[in-house]
Amino acid sequence: MTQKRRVLNALTNGEVLSSKQISARFGAANPTAVVNTLRQEGFPIYLNNGGTDSRGRARVSTYRLGTASRSVVAAGYKALAQGLV
């Protein structure tokens, strides 16, 4: 099974993954590229920015599989209708 497929399976099963987790668990040298490839294939993968906690320490950003909003789906159909894709 490919790295991409294993990452997708984990996200589909409801897991929330950081870039470091994707690298460590699935051996992906460039986790962002794996996620971007999945996005280009139509999977609505969102990045939840970690921001900072109440003490100003950086929190980890994570990826999760979500549901595309109506506006995103509409934009996709509009692009298809205009021959942009």
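**Reading exposure, contacts, helix packing and a pocket**

Me: Phe43 is partly exposed, with a relative accessible area of 29%. Which limits define the term partly exposed?

Reply: Buried denotes under 20% relative accessible area, exposed denotes over 50%, and partly exposed covers what lies in between, with a 1.4 Å probe and protein chains only. The model is predicted: local features require pLDDT of at least 70 and side-chain atom pairs pLDDT 80 or more, whereas totals for chains, interfaces and linings use all residues. Residues are numbered from 1 along each chain as its sequence is written, and side-chain values use heavy atoms, without hydrogens or water.

Me: Where does Phe43 lie among the secondary structure elements?

Reply: Elements are DSSP runs numbered from the N terminus, with helices (H or I) of at least four residues and strands (E) of at least two. Phe43 sits in the loop between helix 3 and strand 1.

Me: Which residues does Phe43 touch, not counting those up to four places away in sequence?

Reply: Contact means heavy atoms within 4.5 Å. On that basis Phe43 touches Leu8, Leu38 and Leu65. A separation can also be given from C-alpha to C-alpha: Phe43 and Ala68 are 25 residues apart in sequence and 8.5 Å apart in space.

Me: How do the lining residues divide by class?

Reply: Ala, Val, Leu, Ile, Met, Phe, Trp, Tyr, Cys and Pro count as nonpolar, Asp, Glu, Lys and Arg as charged, and the others, including Gly, as polar. The lining of the largest pocket has six nonpolar, two polar and no charged residues.

Me: At what angle do helix 1 and helix 3 cross?

Reply: Axes are lines fitted to C-alpha atoms, for helices over the stretch in contact, and angles between N-to-C directions run from 0 to 180 degrees. Under 35 degrees is roughly parallel, over 145 roughly antiparallel, 65 to 115 roughly perpendicular, and the rest oblique. The axes of helix 1 (residues 3-12) and helix 3 (residues 31-40) come within 10 Å and cross at roughly 75°; the two helices are therefore roughly perpendicular. Gln3, Lys4, Val7 and Leu8 of helix 1 meet Val34, Thr37 and Leu38 of helix 3. That contact has four nonpolar, two polar and one charged residues.

Me: Is Thr62 buried or exposed, and what of Ser18?

Reply: Thr62, in strand 2 (residues 62-65), is buried at 18% relative accessibility. Ser18, in the loop between helix 1 and helix 2 (19-26), is buried at 8%. Beyond neighbours within four places in sequence, Ser18 contacts Val60, Ser61 and Thr62. With that exclusion, the contacts of Thr62 include Val16, Tyr46 and Asn48.

Me: What is the relative accessible area of Arg55?

Reply: Arg55, in the loop between strand 1 (45-48) and strand 2, has a value of 67% and is exposed.
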